[in-house]
There are 2 protein chains.
Amino acid sequence: MMQTPLTMTQMIKRAEKYFPKKQVISRTTKGIERFTYKEMAERTRRLADSLEKLGVQRGDKVGTLAWNHHRHLEAYFAIPCSGAVLHTINIRLAPQHISYIINHAEDKVLLIDADIVPLIEKCKDEFTTVEAYVIMTDEDELPETTLSPVYHYEKLLEEGNPNYEYPDDLDENSPAGMCFTSATTGNPKGVVYSHRGTVLHSMALGMVDSAAVSEKDVALPVVPMFHVNAWGLPFAGVWFGTTLVLPGPYFTPKILAELLEEEKVTITAGVPTIWLGLLKELEEKKYDLSNLRYILCGGSAAPKGMIKAFEQKHNIPFKHAYGMTETSPLAVISTLKSYQEELSEEEKLEIKAKQGILVPGLEMKVVGKDGEVAWDGKEMGELALRGPWIASEYFKDERTADTFRDGWLYTGDVVTLDEEGFMKIVDRTKDLIKSGGEWISSVDIENALMAHEAVFEAAVVAVPHEQWQERPIACVVLKEKDGATKEELYDFLKPQFAKWWLPDDILFLEEIPKTSVGKFLKRALRDQVQKDYLQKN
Amino acid sequence: MMQTPLTMTQMIKRAEKYFPKKQVISRTTKGIERFTYKEMAERTRRLADSLEKLGVQRGDKVGTLAWNHHRHLEAYFAIPCSGAVLHTINIRLAPQHISYIINHAEDKVLLIDADIVPLIEKCKDEFTTVEAYVIMTDEDELPETTLSPVYHYEKLLEEGNPNYEYPDDLDENSPAGMCFTSATTGNPKGVVYSHRGTVLHSMALGMVDSAAVSEKDVALPVVPMFHVNAWGLPFAGVWFGTTLVLPGPYFTPKILAELLEEEKVTITAGVPTIWLGLLKELEEKKYDLSNLRYILCGGSAAPKGMIKAFEQKHNIPFKHAYGMTETSPLAVISTLKSYQEELSEEEKLEIKAKQGILVPGLEMKVVGKDGEVAWDGKEMGELALRGPWIASEYFKDERTADTFRDGWLYTGDVVTLDEEGFMKIVDRTKDLIKSGGEWISSVDIENALMAHEAVFEAAVVAVPHEQWQERPIACVVLKEKDGATKEELYDFLKPQFAKWWLPDDILFLEEIPKTSVGKFLKRALRDQVQKDYLQKN
C-alpha cells in the first residue's frame with residue numbers, strides 16, 4: 001500500500017474541490033454572514049500565506065482566543081495545513097492561567113477576537129514568546145490597543161496569496177493542534193493533537209454508527225471552538241462538506257433556538273447546561289426544530305429527565321457521548337443496537353441515559369478493586385482508554401505520569417458497563433462519596449433529582465462524617481422559587497435508592513457554580529457546602 | 001497521540017465483545033447455517049491456533065480457494081490477525097494461472113472447499129511451496145484426495161485453542177492480505193494489502209456518505225470473497241457488528257432473490273451481470289425486497305436502464321461505486337449531494353449512472369491529452385489515484401513500472417468529471433474506439449443499447465478500418481429471440497448519438513463472453529468479432 005500520510009490538508013482541499021457551493025454560516029457582530037466553501041477555502045489559503053509572512057514556521061504554535069465564527073474556522077485549517085500548530089485557548093480561564101498556557105505552549109502569534117483584547121492586554125506583560133497579535137475584527141479599523149505589534153486580520157487576508165500551496169510533505173505524526181485542560185489543582189495541562197489523530201477522529205465522526213456527520217447535515221457546534229476543537233465537528237464538517245453554523249459570541253437559549261430553526265440545523269452539540277437552557281426556552285415558546293437529527297451531548301452526564309423531555313415531549317432525538325480533552329474527544333457514543341430499537345420507550349430511555357459504547361478504533365478497560373469489572377451494570381471501576389486519537393502525555397508536564405500508565409490513559413472517571421457493553425459514568429474518582437466502606441454515586445442522585453419537574457439543576461457532594469467517613473449532601477436549584485419542598489424531594493428519591501444512599505440534607509441554592517466550559521464545579525461547591533454545613537452542624 | 005497501530009485484530013475483537021449475539025448466516029451444502037459472532041470469534045481463535053500448529057508463522061501466506069461462507073470468513077480474520085497473510089485465490093482462473101499465483105505468492109498452506117479439490121489436484125504437481133492442505137468440508141470425513149498432507153477444517157478447529165491470543169505487536173504496515181488481478185496478457189498480477197490499508201478502507205465503508213455499513217445492516221456480498229476481499233464488506237461488517245449473509249456456492253438469481261427476501265437483507269453488492277439476472281427474476285416473480293437500503297454495483301458500469309428499472313419499477317435504491325483490486329477496492333462512490341436530491345427523477349438517474357465522487361481519504365487526478373481534464377463532463381482522461389489504501393506496486397512483478405508512476409496508480413480507465421466532480425467511466429484505455437482521430441466510448445453505446453427493453457446485454461468493440469483506423473461494432477444479446485430487429489435498434493440509437501458514433505454493424509449473439517468475475521471479456525469478443533467480421537467483409 002502507498003505510504004501517503006494522514007494529514008489535514010486533504011480535508012480543506014476536499015471541501016474546496018467537491019463542495020465549493022456549500023456554506024459556512026457565521027454569526028458575528030454584524031449579524032449572520034454566509035461564506036461558500038470556495039470563499040472560505042480561498043480565505044484560508046490567504047491566511048496561511050500571511051502567517052508565513054509574519055514569520056510562522058513549521059512547528060510554531062499559533063494561539064487563538066476566539067468564539068465560534070468563520071475566521072476561527074479559517075485559522076483551524078490555515079494553521080495546521082501550513083505545518084504550524086493550532087493552539088486554541090480557553091478565553092474563560094483566569095488571566096494567570098491564560099498567561100501560563102501561552103508561555104508554556106510557546107505561542108509565537110496570537111489571533112484574538114476584538115472583545116477579548118482587553119483580557120489579553122491585562123496578561124501581555126507576562127508573555128515570553130509572543131511576537132505578533134492579529135485582531136479578528138469586523139471593523140475596518142483596529143481598536144485602540146496596547147498590544148504590539150498588532151495586525152488586522154482582514155488586511156492580512158487582503159495581502160495573502162489566494163493561491164498559496166499547502167506543503168505536501170507533512171508527517172502524519174507531526175503536531176497539528178494543542179488544547180489545555182483544567183487541572184483540579186495547579187496549572188492547566190496541555191494536550192498535543194497530531195494530523196494522524198485528527199484525521200482518524202474525523203473519520204470516526206463520519207461513521208454511521210457514531211456521529212454520522214454527513215454532507216447532508218447542517219451542524220451547529222455550541223461547544224466552543226476553544227474547547228477540544230468544538231469536539232472535532234469543524235474538522236469533520238469541512239472534510240465532508242457539511243453546512244456549518246457557527247453561533248458566535250454571547251448567545252442565549254433564545255438565539256440558539258432561533259438559529260436552530262432558521263438554519264434548519266440537523267445536528268448540534270454541547271454540554272448538558274446548554275440543553276437545560278434550551279429546554280426551558282422550548283417550554284416558553286414554540287419553535288420548529290423538526291430538522292434536528294439529534295442533539296449531541298457530552299462533557300458531563302445528561303440527566304434522564306432532560307433526555308426524556310427532548311425525546312418524548314419535543315420529539316428531538318438525544319445522543320449521549322463521552323470524551324475529554326485527552327481523547328480528541330470522541331471515545332464513547334450512544335447508538336442503540338438493532339435489537340435494542342425494539343425495546344419499550346422507557347427501556348430505551350434507560351439505555352440513552354448511559355454514555356454509550358466504544359467507538360470503533362479505540363480500546364477500553366474498566367479497572368475496579370479486583371481487576372477489570374464484570375459487565376453487569378453494577379461493578380464500578382476507573383475507565384482507561386487507548387487508541388490512535390488518545391493523547392500519550394501532557395505537554396512538558398510532570399503530571400503525565402499520574403494519568404498515562406502502561407500505555408493507557410486513566411481517565412479519572414468511574415463507570416459501569418452493562419451486559420451490552422454500554423458505559424455509564426458513575427462519578428469522577430474524586431467525587432465518589434465513600435460512605436461506610438461503600439461507594440455512593442453523586443451523579444446518580446443528581447440525575448434522579450433533576451428528573452423531578454420542579455428541579456432545574458442539582459449537584460451532590462460529600463461532607464466528612466465521623467461514623468461513615470463521608471455522607472452526601474444535595475444542592476438543588478429550583479425552576480421557580482418554592483417550586484418544591486425538601487420533603488417532596490425526599491419522597492421523590494426514596495423509592496429509587498437504598499436508604500443509606502439518601503442525602504443527609506437537601507440545600508436550595510440560587511445556582512450551581514460551573515467551570516469555564518459549563519460543567520458543575522464540584523470542588524468549589526464541596527468546599528462551600530462543607531464550610532457552611534459544618535459550621536451549622 | 002498514542003502510537004497504537006491500525007491493525008485488524010481490533011475488528012474481530014470488537015465483534016466478539018460488543019456484538020456476540022449478532023449473526024453470520026452461511027449458505028452451505030447443508031442449507032442455511034447460523035453462527036453468532038460469539039461462536040464465529042471462538043472458531044476464529046481456534047483456527048488461528050491450529051494454523052500456527054501447522055507451522056504458519058508471521059508473514060507466511062495462507063491461500064484460500066473457497067466460496068462465500070462462514071469458514072472463509074473465519075479464515076479472513078484468523079490468518080491476518082495471527083500475523084500471516086490471507087491470500088484469496090480466484091477459483092475461476094485457469095489451472096495454470098492458479099499454479100502460477102500460488103507459487104508466486106509462495107503459499108505455505110491452502111484452505112480449499114471440497115468441490116474445488118479436483119481443480120487443485122490437477123495443479124498440485126506444479127506447487128513449489130505448499131506444505132499442507134486443509135479441506136473446508138461439511139462432511140465428517142475427508143473426501144478421497146491425492147492431496148497430501150491433508151487436514152479436515154472442523155477437526156483442526158476441535159484441536160485449536162479457543163482462548164488463543166492474537167499478537168498485540170503487529171506492525172500496521174505489515175502485510176495482511178493478497179489478491180491477484182488478471183492481466184490483459186501474461187500471468188495475473190499480485191496486490192498486497194496491509195493492516196493499515198484494510199482498517200482505513202473499512203472505516204471508509206462505514207462512513208455515512210460512503211457505503212454507510214452499520215450494525216443495523218444485514219449485508220449480503222454477492223461479490224466473491226476471492227475477488228478483492230468481497231469489496232471489504234466482510235472486514236467492515238464484522239468490525240461494525242453487521243449481520244452477514246454469505247450466499248455460498250452455485251447460487252442462481254432465484255436463490256439470491258429468496259435470500260434477500262428471507263433474511264431481510266439491507267445491502268447487497270456485486271457486478272452488473274448479477275443485477276441483470278436479479279432484475280429478470282424480479283420480473284418473473286414477486287419478492288418483498290423492501291428492506292434493501294441499496295444495491296451496491298461495481299466492477300463495471302451499470303447501464304442506466306437497469307438502474308432505472310431497479311429504482312423506479314422495483315423501488316430499490318441503486319448505488320454505483322468504482323474500484324479495482326489495486327484500490328482495496330472502494331475509491332469512488334455515488335452519493336448524491338444534498339442539493340442534487342432536489343433534482344427531477346430523470347436528472348438524478350443521470351447522476352446515478354455515473355460512478356460517483358471520490359471517497360474521503362483518497363486523491364485523484366484525471367490526465368487527458370493536455371494535462372488534467374476540465375470538469376465539464378466531456379473531456380476524457382485516464383484516472384490516477386493515490387492514498388493509504390491504494391497499492392504501490394505489484395508483488396515481485398516487473399509490470400509495476402507500467403502502472404505505478406510518480407507515486408500514482410494509473411488505472412487504465414478513461415473517465416470524465418462533471419461540474420460536481422462526479423466521475424463517469426468512458427472506457428478502458430484499451431477499449432476506446434479511435435475513429436478518424438476522435439474517441440468513441442464503447443461503454444456509452446453499450447449503455448444506450450442496454451436501455452432498450454428487448455436487450456439483455458450489449459458489448460461494443462472496435463474493428464480495424466482502412467479510412468477511419470477503427471469503427472465500432474455492437475454485439476447484442478436479446479432477452480427473447482427475435483425480440484428486436486437491427487433496424488429497430490438503429491432507430492433507437494440514432495437520436496442519442498452523432499452519426500459517426502453509430503456502430504457499423506449490430507450482431508446478435510447468444511451470450512457475451514465474460515471474465516471469471518463476471519465482467520465483459522472485451523478482448524476475446526474483439527478477437528472473435530474482428531475475425532468473423534473481416535472474413536465476411
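Tutor: In this predicted model, helix α11 (residues 304-313) of chain A packs with helix α12 (residues 345-352) of chain A at an angle of about 125 degrees, and their axes are 10 Å apart.

Student: Why is α11(A) called oblique to α12(A)?

Tutor: Roughly perpendicular covers 65 to 115 degrees, and roughly antiparallel begins over 145. The angle here is about 125 degrees, so α11(A) counts as oblique to α12(A). The crossing of the two helices is right-handed.

Student: Which residues make this contact, and how many of each class are there?

Tutor: From α11(A) come Lys304(A), Ile307(A), Lys308(A), Glu311(A) and Gln312(A), and from α12(A) come Glu345(A), Glu346(A), Leu349(A), Glu350(A) and Lys352(A). By class, the contact has 7 charged, 2 nonpolar and 1 polar residues.

Student: What makes α14(A) roughly perpendicular to α15(A)?

Tutor: Helix α14 (residues 442-450) and helix α15 (residues 486-493), both of chain A, pack at an angle of about 115 degrees with their axes 10 Å apart. The class runs from 65 to 115 degrees, and therefore α14(A) is termed roughly perpendicular to α15(A). This crossing, too, is right-handed. Ile445(A), Ala448(A) and Leu449(A) of α14(A) meet Leu489(A), Phe492(A) and Leu493(A) of α15(A). The contact has 6 nonpolar residues, with no polar and no charged ones.

Student: Why is Gln96(A) counted as exposed?

Tutor: Exposed requires over 50% relative accessible area. Gln96(A) has 53% relative accessibility, so Gln96(A) counts as exposed. The residue lies in helix α4 (residues 95-105) of chain A.

Student: Which residues of α4(A) are buried, and what do they pack against?

Tutor: The buried residues are Ile98(A), Ser99(A), Ile101(A), Ile102(A), His104(A) and Ala105(A). They pack against elements of chain A that include β3 (61-65), β4 (85-88) and α5 (117-123). After α4(A) comes Glu106(A), whose phi is positive, near 65 degrees.

Student: Why are the copies said to meet through the same surface?

Tutor: Of the interface residues of chain A, 100% are also interface residues in chain B, so the copies meet through the same surface.

Conventions. Residues numbered from 1 in each chain as written. Chains lettered and ligands numbered in written order. Predicted model: local features only at pLDDT ≥ 70, side-chain atom pairs only at ≥ 80, totals over all residues. Heavy atoms only, no water. Helix = DSSP H or I, 4+ residues; strand = E, 2+ residues; numbered from the N terminus. Buried < 20%, exposed > 50% of the residue type's maximum accessible area, 1.4 Å probe, protein only. Contact = heavy atoms within 4.5 Å. Axes fitted to C-alpha atoms, helices over the stretch in contact; angles between N-to-C directions. Parallel < 35°, antiparallel > 145°, perpendicular 65-115°, else oblique. Left-handed = near helix turned anticlockwise from the far one by under 90°. Nonpolar A, V, L, I, M, F, W, Y, C, P; charged D, E, K, R; others polar.
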